[in-house]
Structure formats: C-alpha cells, structure tokens
Amino acid sequence: MAIHQSKIARNIWLGIENLLLHKLRSFLTMLGVVFGVGSVVAMLAVGEGASKEALQRIQKLGSNNIIINSLKSIEEEGSSTQNSHMSIYGLTYLDYERISSNFPNVQQVAPAKLIRKESKAGSNILELRIVGTTSEWFKLVPRQLLAGRVFDQGDVDNFSAAAVLTEFGARRLLANRNTIGQPIKIGGDSFEVVGIIKNEEGMAGNIQIPDQQVDAYVPLSTVRKYFGDIFFKRTSGSRTLEMVELHQIIVQVDDVKYVESTAAGIERMLQNFHKKQDYVMSVPLALLKEAEATKRRFNIVLGSIASISLLVGGIGIMNIMLASVTERTREIGIRRAIGAKRSQIISQFLIETVVLSTLGGFVGLAMGIIIPLIITYFAKMPTVITMQSVILPLFISVGIGIVFGLYPAINAARVDPIIALRHE
Amino acid sequence: MDLVTFKNIHKVYEMGAEPVRALDGVDIGFQKGSFWAIMGPSGSGKSTMMNILGCLDRPTFGQYFLEDKDVSKMADDDLSEIRLKYIGFIFQSFNLIPQLTVQKNIELPLYYLGWDAEKSAERAKVLAAKVGLETRLNHRPSQLSGGQMQRVAVARSLAVDPHLILADEPTGNLDSKTGDQIMELLTELNKEGTTIIMVTHEPDIAAYAHHRLHMRDGKVERIDSN
C-alpha cells in the first residue's frame, strides 16, 4: 500500500513537472476552471447569505405562529375624512375568545391593543406607543429581559398598573435614570415600571415584526379599564373617532404541521363574523416555505450558470490536452517502445489533466472565498460560505479533469508507436 | 541456442489493390550473444523486420519465438511487457524525451518496471558512468551533442539488463568518428554477453557485427559471417 501511494504521488509530481514546462499555457488553461469554481463558490456564498438573512427574520416571527392584524377597510378609509364619523373596524375581543377556545391545535393566543398616550416620567413628556396585552405575549414574542420582570396573569386579572418598557422606550422616556420601580404617568394615570425588555426592529418578509416601534407593554385589562376602546385619530387637521378593540392577535399552534390548517380554520371563522375585510392574516411558515422555495430556485439558476462556466472551462482543458497529445506524439511513441502499456499512457495524461483542473479548483476556491468577503465589506451584504459550497466545487473540478481528460488520454494511448517514432 | 527464432514470418500490408509483402517468409535464428547487422536497400523489409523483432508489430503469418515464448500472437499489453523486460532500443534519431534530464531518460524503463526512485537513480548513475556521461546527469538532451545523446540512449536501453538490443541505424545521425565510438561501445556490450541486432546500410558499420543478413524483397538474400 505504501509503495502504491508513493507511486501515485510520483505520478502526480511528474504531472506537475510536465505542466511547469509550459507555465503560461498551463495557467491560461486553468483559468476556465478557476473562474468557474470561483464564481460557483462566490455565488453560493452570496445566495446563502441572502436567504439566511431572510429566513432568520421570518424565524423571529415564530414558525408556529399565525399573526392577524386589524386593517382599516377601504370603505372606512374613504368615509373617515368626514367629520363626526366614527370608524369601527378590526379584530374584536370576541374574535380573541373564539380563537382561544374553538381550535384544538391552538396552544396560546396573545391579543394586542395599540394606543398612543402622552406619558410623563419626571419632567420628560412624550407620546408613547403602548401595547395592551396579556402575559402570553412574552411567550409568543420571546425577547431578552434586561431588568425586572414582565407582567403575569395576576397583573392582568388585577388590572394592575404595571408597565414593561422596551429598551427603545426606556431610552426615550427614562434616559439614564434608575429604571425599575420608577413611577410614570400614562395619559394621566400612574403606572409603575416593572421591567425592561429588548425589542426587534425591521421587517420579516412583508410582515412587520410585532414589537417594532413599541415603547411599553401594559396589561390589556388595565388599558381597557383606564382608556376604553374609542380613540381620537388626528389626520392632517381633521379629527376622527376610531373604535378598534384589538389591533393584533398572535396565535401559536402546537405543531408546525397544523399551522396551515389552523390558519385556514381561523380565516373561515373570521369571514363568518366580519362583513368587511378588516383584518389581514400572515403565516410566517408560509413565508418561510416561500423563502425556501425561492432559495431552491435561486440555487438551480446559479447551478446552471455555474455548470455552463465549468463546462466551458472543461472544454478549454480538453482542447489544450488534445493539442498537447499531438505535440507529444513522439514522446508517447518512445514511452510505448520502451514498454509503457496503453493504460500507463492513459493514466499519465489523465493525471496531468486532473492535476491541472484540481489546481484550478483550489485557486478558484480561494477566489470564491475572497470575493464574498469583499462583497460583505463594501456592499454590506451578508455572505455565508458553507462546507458544502467549498467541497462540492473541489469534487467538481476533479471530475472535470477526469471527464475532459479521458478523451485526450485515450487518444494518446491509441498512438501507434511505429508511426509515433517517425513523427517529427 | 537461439535467442530469437523466426519461423516462416510473413508481413503483408493491405494498401490499395496490391497487397505489399514486406516480409515474405523469413526463417532465421539469432543466437544468444551474437551481433548481427541487417542490411539491404530501402523497401527490402529491414524496417518491418526490426518492428517485428522489437515487438512493436505482429507478423501477419508465422511464428516468432523470443527464447521459448511465442510472441507472434501476444496481446498489446503482453508485448509492452516483453519490450520492457527483454528489449532495449537504440534509434537513429536518439528518441530521448526532451523535457527529461539525462538521468530521468535513463530511468524511464525502470519507472515502468515499478522501481522506486532511489534505486532507479542509483542504477542510472552506474549506467551513465558506463557510457561516460556521469557528469551530464542533470543536463537536458538539447544540451548534449549527438554522440552524447546516443550514449544516453544506449544507457537507457541497458537499464533493465535486456536480453536483446535492437539498434536502428544507430550511427545514421552521427559523424564517422562519433559513430565509431558508439560502435565500440556496442561491441563492448556484446562482449559482455548482450545480443545485438542492428539495421544499417553502411558497410563499414556493418563490419562491426559478426553476421550480416542481406535482405531483398522481403526475403533473406544471403548471410555472411566473419
């Protein structure tokens, strides 16, 4: 075995020596594979980076969740410009009750009521965006707790005046002052800051992350008791009344496989009770599947482009090897006369081609790793180099050497030594 | 005892309507340790004779025994093996591999024999010394004179201790002085016991051999011996 291995190493070394005889030619021949492999690795890294980012955002929404938002219907939007009109739309407490109790696969439901209220901490006065919700919210939108505690079922049951600030809200309202236990006024009523929680920003697919631009959480029961359901809305000078019971309901399904059927059930139920389309449902899982399908399509397109460039690279190698065989006909004749078998001639030329294409593969790999780094640095696009995107092109470059080297090698072995020795 | 025996060897090339009888029934034995020159005008069949002797070609008809082996029906790979182990070639145009050094050229048959690098290098040095090229081991053929190149070819042909050396016009590309030096080298090898068969059309070169075989129209015309 040791002898065998050293013989292979020797053959590879002989191949390298032969390629070094024509450095420029070998280098130019290699370029096809270099660019082929380089572009495959780079494209995979960019594609992987883009889809990973999208998938992560969607996963933040929770793949087991269904998010239902209230939506002002188009008719309401039109009539709301008239004064002394009250728009009534959106999700209701009853919807929340029905979803909680009627669907066997629904594990938890978190309602959310969004209000804006003038708030005061010390001398600092600000309009806060407040979410009235239940303790389930913090399980369905899990975020790191920075200080204190979130409110629990007890707080909801007792209408307690407890407020959980988001990190964002705490910065705005409290600045650097001591936080937990701090009394704040919301719309004239006193609340106590019981905790501070991290929040996320941005979009996931086309769904808003539930806690973006939220300053504080307050028990839903307390919000209803203190502020009721009717609010003024100021839009470009006119004041309209709006009655929206719930702005958002987040539903958690016990198993991923029931998400779509449960979503369909909820949709049918809502259609029964809402005459207007004043809500919109988003299923992160569906988005996730869509994103994954997009990624697959993207990979197929990339794969096709890459295989064309690798094919071109392979043809380039084959072309040069065929020329090389013709050029070295006499050498082949000498080797055959001395006693080389056809198979030994084949392996000599095949090894040369494989060495060439593999070397090209390695150079291309280096290029394919550097390019995404440059892209990330300058274009701030995330790129991810996976093990698979490194190993696959290397195997492909070895494969190219074998596939495109075989024909020239067989041609070399077919050379008739008598004729080859007379070849000038 | 004969090293090489030809029994009614025919070689017919089908070219056009008329088949060409390059060898037309050759019966001859070449004794072990003998030194032969094959002579004849062009088209007499001496090249075909050399190709068949060298196992580069197979006879159309007849039997060729190398020692006790019938080589005439062997498969391509087996012929390669015979060439590798039994036969050393020396050509008119030297036929060294230009990109390999003198040492690597001499080692070439050993490489196909599967020798390891160290042993091969040692053997190559011994052989280079034998032909007086021990200082040229790392030169490429292009850096050598014609006589030196032919010496490398002789050293290469000796690498595997062949039973038979086939020399095809070995002095054809050399001036007469260098040619004589090569012939002296071959004579020395023959004295050491190697059987040599050489093709030449120069009578003074053929004079080095013990036997001269004159060919004409694919047949043995006559043999004269010293």
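I began with a right-handed β-α-β unit built from S7(B), helix H6 (residues 176–191) of chain B and S8(B). Right-handed here means that, with the strands pointing away from the viewer, the path from the first strand over the helix to the second runs clockwise. Helices (H or I, at least four residues) and strands (E, at least two) are DSSP runs, numbered from the N terminus.

A note on conventions before going on. I am working with a predicted model, in which local features need pLDDT of at least 70, side-chain atom pairs count only at pLDDT 80 or more, and totals for chains, interfaces and linings use all residues. Residues are numbered from 1 along each chain as its sequence is written, while chains are lettered from A and ligands numbered from 1 in the order in which they are written.

**Strand S8(B)**

Next I looked up the partners of S8(B), where pairing takes at least two DSSP bridges between two strands. Strand S7 (residues 164–168) of chain B runs parallel to S8(B) and is joined to it by five bridges; there I found B:Leu164 opposite B:Thr195. Strand S3 (residues 35–39) of chain B is also parallel to S8(B), with four bridges, and B:Phe35 stands opposite B:Ile196.

Is S8(B) enclosed or open? Five of the five residues of S8(B) (residues 195–199) are buried, so the rest of the structure largely encloses this strand. I call a residue buried if 20 or more other C-beta atoms lie within 10 Å of its own, exposed if 12 or fewer, and partly exposed in between, with C-beta atoms placed from the backbone. In a regular strand, side chains alternate between the two faces of the sheet. I checked both faces of S8(B) and they are covered, with B:Thr195, B:Ile197 and B:Val199 buried on one side and B:Ile196 and B:Met198 on the other.

**B:Val131**

I then moved to B:Val131, in the loop between helix H4 (117–130) and helix H5 (146–158) of chain B. B:Val131 counts as buried because it has 22 C-beta neighbours inside 10 Å. Leaving out residues up to four places away in sequence, B:Val131 touches B:Arg151, B:Val154, B:Ala155 and B:Leu185; a contact means C-beta atoms, placed from the backbone, within 7 Å. From B:Val131 to B:Ala155 I read 6.5 Å, C-alpha to C-alpha, across 24 residues of sequence.

**Chain A**

Last, I noted that chain A has 14 helices and 15 strands. Buried residues make up 40% of its 424 residues. Its C-alpha trace spans about 105 × 50 × 45 Å along the principal axes.

Terms used. Two residues are in contact if their C-beta atoms, placed from the backbone, lie within 7 Å.
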